[in-house]
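Let us take a friendly walk through this model together. Keep the sequence and the 3D view side by side as you read.

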Amino acid sequence: MTAMHAPTRTEDAIALDSRNVAHNYAPLPVVAAHADGAWITDVEGRRYLDCLAAYSAVNFGHRHPDIIAAAHAQLDRVTLVSRAFHAEPLAPFCAALAGLCDKDMVLPMNSGAEAVESGIKVARKWGHDVKGVPADTSNIIVAHNNFHGRTTTIISFSDDETARRGFGPYTPGFRSVPFGDADALAAAIDDHTVAVLLEPIQGEAGIIVPPDDYLQRVRALCTQHNVLMIADEIQSGLARTGATFACDHWGVAPDVYLLGKALGGGVVPLSAVVADRDVLGVLHPGEHGSTFGGNPLAAAIGHTVVELLATGEFQRRAAELGEVLHARLTTLVGRGVLSVRGKGLWAGVDIDPVHGTGKQISLRLAERGVLVKDTHGSTLRFAPPIVVTEDEITWAVQQLAEVLA
Ligand SMILES: Cc1ncc(COP(=O)(O)O)c(C=O)c1O
């Protein structure tokens, strides 16, 4: 059904958007009206294979029936009481998510950036209360080219000038070292270091997979120096790479998981900080919170997401289809593609700039019914919903081949 007053022509919809929606994004000229599984239908009835999956927030496909059923059922019961009261679905969701992560406790929040902010606060409080770092002197080590969100603190340790310029003054207390360089990380740790905050595979940077021994060395350094290892699995986690967490590929268990995106089933914003009691137990009433964090609707949806992950089906599918995606994309290396990186159903494809910018290639793919988004100029990110089929992957890569030809 068309929403009331919503324009039914692409140009009109985009003109209205341009007048009334802040210009903090530059969307492709596709106006979604409906979506199902791996496919999006626009206001004029054109269909597109979604190869972005809302930056991995739609890992389980658009409107997965179990998730939608859980949402409907919860909408008919209770949707929000705030954390001033208990609500039925929250504790079972947190118990299930803690179990999935093999940790004790969950701090529920909403957006990914909020989970990162919360993780930073927990690490600083842990450093002060448990490690004994004097007040206001702690540091957290991060990686060059990180992407952890858009709040003022998070952009303070970003090296993306577009994300930073004009938004200062910045929050102190962060040190940035090259991603993948464990020696540089070791050299940056001192007695005031409370945490290392990393994406195990860097997403926005272009799906950058670190050297094979990196995360294990980071884990060992954190243990040796009594520093929390915080894995931002907001984009890499929850089956995207063919495992529940990207860290699993290297057999590494961080002290703290930051989760978001797909945790909300593609329906609601739901994020979480997940850790053991000796870490998350540093928070006491009044020290942190969010009115919507862990609301009953989100908790019911998140619980269903954890149940879907507990079957292992999505992890298996992402691993198997990931092989197909990478094999197909690799055939284009030397035919307009410079290189292909990634893991599971997550690929960064560097386009030879002679064929155009990433944005231009994305526009041409959209005309052929394939939706991807560029990152860092000439890199395309392929991250379809995990319900995509092998034939659909083959077809999408064929479209890229034809665009580059
Ligand atoms: C690794 C990572 N962390 C955090 C975020 C921020 O999440 P949100 O946009 O929900 O605030 C993102 C978003 O792309 C991300 O990729």
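Strands here are DSSP runs of E with at least two residues, helices are runs of H or I with at least four, and both are numbered from the N terminus. Before going further, please note that this is a predicted model, in which local features need pLDDT of at least 70 and side-chain atom pairs count only at pLDDT 80 or more, while totals for chains, interfaces and linings use all residues. Residue numbers start from 1 along each chain as its sequence is written.

Two strands count as paired if DSSP finds at least two bridges between them. Lysine 373 is the residue opposite arginine 381 of β15. β15 also pairs with β12, again in the antiparallel sense, over 4 bridges. There, glycine 348 has arginine 381 in β15 as its bridge partner.

Which way do the residues of β15 point? Thr379 and Arg381 face one way, Leu380 and Phe382 face the other way, and all are buried. Buried means that 20 or more other C-beta atoms lie within 10 Å of the residue's own; with 12 or fewer a residue is exposed, in between it is partly exposed, and the C-beta atoms are placed from the backbone. In a regular strand, side chains alternate between the two faces of the sheet.

Another sheet is worth a look. It is open, has 4 strands in the order β1-β2-β3-β13, and its pairing is mixed. Its edge strands, β1 (32-36) and β13 (370-371), each pair on one side only. β1 joins strand β2 (residues 39-42) in the antiparallel sense over 4 bridges, with alanine 35 bridged to isoleucine 40 in β2. The hairpin of these two strands has 2 residues between them, and glycine 37 takes a positive phi near 60°. Strand β3 (residues 47-50) and β13 pair in the parallel sense over 2 bridges, and leucine 49 has valine 370 of β13 as its bridge partner.

Now zoom out to the whole chain. The domain assignment, with bounds from an automatic or database source, gives domain 1 (10-63 + 313-404) and domain 2 (65-310). Their C-alpha centres lie 26 Å apart. Where they meet, 28 residues of domain 1 are in contact with 27 residues of domain 2, contact meaning that the C-beta atoms, placed from the backbone, lie within 7 Å. On the domain 1 side, α2 (53-56), α12 (313-330), β11 (337-342), β12 (347-351) and β15 (379-382) each supply at least two of the touching residues. α12 gives the largest share, 5 residues. By class, this side of domain 1 divides into 13 nonpolar, 11 polar and 4 charged residues. In this scheme Ala, Val, Leu, Ile, Met, Phe, Trp, Tyr, Cys and Pro are nonpolar, Asp, Glu, Lys and Arg are charged, and the others, Gly among them, are polar.

The largest nonpolar core has 125 residues, of which Leu97, Val196 and Leu228 touch the most other members. Such a core is a set of buried Ala, Val, Leu, Ile, Met, Phe, Trp, Tyr and Cys residues joined through C-beta atoms within 7 Å. Helix α11 (residues 296-310) gives the most to this core, with 9 residues. Leucine 97 touches Val106, Ala272, Val274, Gly302 and Val306, leaving aside residues up to four places away in sequence.

Next comes the ligand. It is surrounded by 15 residues, and Gly112, Ala113, Gly149, Ile234 and Gln235 are the closest; the criterion is a C-beta atom, placed from the backbone, within 6 Å. Helix α5 (residues 112-131) gives the most to this shell, with 3 residues. The shell has 5 nonpolar, 7 polar and 3 charged residues.

Finally, some backbone details. Glycine 168 and proline 169 are joined by a cis peptide bond, with omega about 5°. Isoleucine 207 has a positive phi near 60° and counts as buried, with 25 C-beta neighbours inside 10 Å.

Conventions: Contact = placed C-beta atoms within 7 Å.
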